[in-house]
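My entries follow the order in which I checked things.

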Amino acid sequence: DMERAMRWGTCIATAAVVLTLAAIVPAARAQQQVDCDNAGSTVEINRCTGAELQQVDKQLNDVYRELVKRIGNEGGDPPYDAKSWLAALKTSQRAWIAFRDADCVGLVAVEWTGGSGTTAAINLCKIALTRARTKALEDRYGIK
């Protein structure tokens, strides 16, 4: 009947509003700034270490791009030409990423036995290794 259909329609509309608000409120909270010097909760620490990981990853990518640009203008005869050098760099970087992930995502996760600090520990491991890789490339090729 019509009255019953209207009640169901009202219930569905109300549920849609509630679900929409339920999605908006956490998203708004996620946008709130966290004082990473005083992060106390697991969520805050994870957010801060995640942001720092993004920052150091960007620095590594910037150094890598600069190196690719420089190599493109260097090199001698094959197999020491720019194309071979770039292929070797790409292979090295992929191997390094595989090592970083095996060490941090694999080994560190097992060490933390899935505890609440696992995500931050993985992020911190990746941060340390990414900084070391960036410095190694900078030092080796005189990039700053």
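Entry 1, ground rules. I am working with a predicted model, in which local features need pLDDT of at least 70, side-chain atom pairs count only at pLDDT 80 or more, and totals for chains, interfaces and linings use all residues. Residues are numbered from 1 along each chain as its sequence is written, and side-chain values use heavy atoms, with hydrogens and water left out.

I looked for Phe, Tyr and Trp rings (six-membered ring for Trp) with centres within 6.5 Å, calling planes under 30 degrees apart stacked, over 60 edge-to-face and the rest tilted. I found one aromatic pair. W85 and Y141 are tilted, at 6.2 Å centre to centre and 50 degrees between the planes. W85 sits in α3 (residues 82-111) and Y141 in α4 (residues 118-141), 56 residues apart. Helices here are DSSP runs of H or I, at least four residues, numbered from the N terminus.

Buried means under 20% relative accessible area, exposed over 50%, and partly exposed in between, with a 1.4 Å probe and protein chains only. W85 is partly exposed because its value is 29%; Y141 is partly exposed because its value is 24%.

α3 and α4 pack at about 155 degrees, with axes 9 Å apart; axes are lines fitted to C-alpha atoms over the stretch in contact, and angles run from 0 to 180 degrees between N-to-C directions. α3 is therefore roughly antiparallel to α4, a term for angles over 145 degrees.

G142 follows α4 and has a positive phi, near 65 degrees.

Methods: Helices (H or I, at least four residues) and strands (E, at least two) are DSSP runs, numbered from the N terminus. Angles under 35 degrees count as roughly parallel, over 145 as roughly antiparallel, 65 to 115 as roughly perpendicular and the rest as oblique.
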